[in-house]
Every structure is written in C-alpha cells, then in structure tokens.
Amino acid sequence: MTYAVDSFDTLPRMPSWVTSRRAETPETVAFLSGAALSHLHLVLSHNDVPQTLLRARLALRAAEACVTHQGRPERSAEMRDAMAFLQPGDSPGPAGEVYLSWRRAIERPVLVNALHRALPDLEPEQIAVWLDGAGQGAPVARAAAVVEAVLTDRPRDHIGAVLLADATLAHALGWSHVVPLLAIGLKRPDLRKRDEELRLACHRALVDAVQEASRLASDLTRRVARLREVAPKLRAQGSDDAVALFLSQDALPPMALTSLRSDRAARRFCDRLVDLGAVRELTSRDTFRLYGV
C-alpha cells in the first residue's frame, strides 16, 4: 500500500536532544547552537518552504522583540496596522519605524547598501567597518562581535546591533538574505554582556530562535500548500497576482490587491479564501481588516 505524504511532513524536524538540553558549558552550548543552525539550513533549503513569507513573518517577530526591549506597548497587531494603512507622507510612528527597518532588511540580499536602506541613520561606511571588524571566525562569534562593536560605538542602538548581527550571521552561513534570529532570541539583559558572556548568550538565543523559526516554517509550508491547492479554483480576474502577494507578504488589506480591480472585488476574494481555509483574517474586526496566510 502506498501512502501519500504532504510536502510539509517531509521537512526535517529539530532533534529533541537539541531542544531539551540543559547545557551550560561553553563547548556544549556552542555545539547545540551549531546543530540548531545546521537544522535550520536544511529547512531553508527545502523547495516547499515559502522563503519570502517566512522572512516576512520573522521580521514581524523581530520588530516586536525590539519594541519590547524599548519598553513600548505596541505588539504585532499594532505594527501590522501601522504599515498596512500607511498613507504617503505619513509617519508610521516609533514602533512602525522599527518594523519598517526589519521589513527592508529581509527584502534584499545581504549587502551594505541594503542594510543602509534598513538603517538609514547609519552611514554605509560605518556599517562596512562593523561588518569587516567581525573578522573571519565562526559565524556566531562574528555575529556577537558585531553586537559588541555597534553597542560600544552606539550604546542605545539595540536595533542596529541585532539587525547587523543577524546580517553577519546570514552572510557567514552562506544565506542570501537576512533571517531574523538573534533579534528574536536575545533578551535585553543579554545586550549588556560582553566578550565570552555575550557569545554564550548568542549561542543560547539561537537555539530558541531556530526552534521558533522551524515551527513557523512548517506551519507556513502547510498553509501555503493549501493556498496553492485552492488557487486553480479561483475565478476572479487577477487572482494569480493576488495569490502571489499572499505568498510574499505577512499581512494585506484588500485594497492592496490592485489586480482585482475594485475594493469590493478584493474583499469578496479575501472572504472566499477564508471560506476555503487558504488564508486567515488577522484582526477580528468588521472593517479595516487584514488577511494573511
């Protein structure tokens, strides 16, 4: 007998000995973070994983973590609203600016000019100095060195420190784009550490962040498979372009689906996708709704 296997079931699973660890020695902590990153590398290389959408969802988590470190009350729902309904010339507010930085960071390959676009307050030359100063050592050590270098020069710039650290990590691992991990895993007290203590904090943070990223990748792969399954059933003109947007964006208001020609058609299209179990309505509101995979 032959059993059908859904594509998302073929994603490698994080070994339990990584996530159930109680390690405290530097050697064991470093070994476990390396195992976790190796696991994530396999996940990211899987053809069915929606890479762009995964980075977009992790960018929202990274922004939420950074805003929490600042002591601000905004969470993912408020940041989604700030960006989804932003009008030309409007300011997204402090929390929205953090989210905008992360959205820009994950959109383009890891290059100094792209990182400057995400962090416009920093000069490209300064970004290059920090990245070059990380040296050619192990990926996590290089990322920790960037955190320390940025915070030595700019003690309050936690966002720049973790964003550039994640960029350094991605580059060292051979990934083309920033994958937010350290920004999610590092706690505010960790950013006051230096040298070996900071490196250990980065190793521990990565084990937790990779576990979260892997679960998210599995969930999004399953949800995207459902969206692709129902896509041929959609009869609306412009539906292919609308589906493509859902495959790359964390959240969308109906008005963003311009290929559907009218706001009314876009709202009906989104409601149809919800009925088919292909996307979710993310706000629980009657108006100004947002939808996402």
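Which residues does L163 touch, not counting residues up to four places away in sequence?

Modeller: Happy to walk you through it. First, a word on the basis: this is a predicted model, in which local features need pLDDT of at least 70 and side-chain atom pairs count only at pLDDT 80 or more, while totals for chains, interfaces and linings use all residues. Residues are numbered from 1 along each chain as its sequence is written, and side-chain values use heavy atoms, with hydrogens and water left out.

Now to your residue. L163 touches S101, W102, A105, L115, A118 and L119, leaving aside residues up to four places away in sequence; contact here means heavy atoms within 4.5 Å. L163 lies in helix 9, residues 158–173 (helices are DSSP runs of H or I with at least four residues, strands are runs of E with at least two, and both are numbered from the N terminus). With a relative accessibility of 0%, L163 counts as buried (buried is under 20% relative accessible area, exposed is over 50% and partly exposed is in between, using a 1.4 Å probe and protein chains only). One of its contacts, W102, is 61 residues away along the chain, yet the C-alpha atoms of L163 and W102 are separated by 7.6 Å.

The axes of helix 4 and helix 5 come within 9 Å and cross at roughly 75°; axes are lines fitted to C-alpha atoms, for helices over the stretch in contact, with angles from 0 to 180 degrees between N-to-C directions. Helix 4 is therefore roughly perpendicular to helix 5 (65 to 115 degrees counts as roughly perpendicular, under 35 as roughly parallel, over 145 as roughly antiparallel and the rest as oblique). Helix 4 contributes M79, R80, A82 and M83 to the contact, and helix 5 contributes A95, G96, Y99, L100 and R103.

On to the rings. The whole structure has two aromatic pairs (rings of Phe, Tyr and Trp, the last by its six-membered ring, pair if their centres lie within 6.5 Å; planes under 30 degrees apart are stacked, over 60 edge-to-face and the rest tilted). W17 and F31 are stacked, 5.9 Å centre to centre with 20° between the planes. W17 sits in helix 1 and F31 in helix 2, 14 residues apart. W17 is partly exposed at 46% relative accessibility, and F31 is exposed at 52%. The other pair, F85 and F288, is edge-to-face, at 5.7 Å and 90°.

Beyond residues up to four places away in sequence, G292 touches F246, D250, V279, R280 and L282. G292 and D250 are 42 residues apart in sequence and 5.9 Å apart in space, C-alpha to C-alpha.
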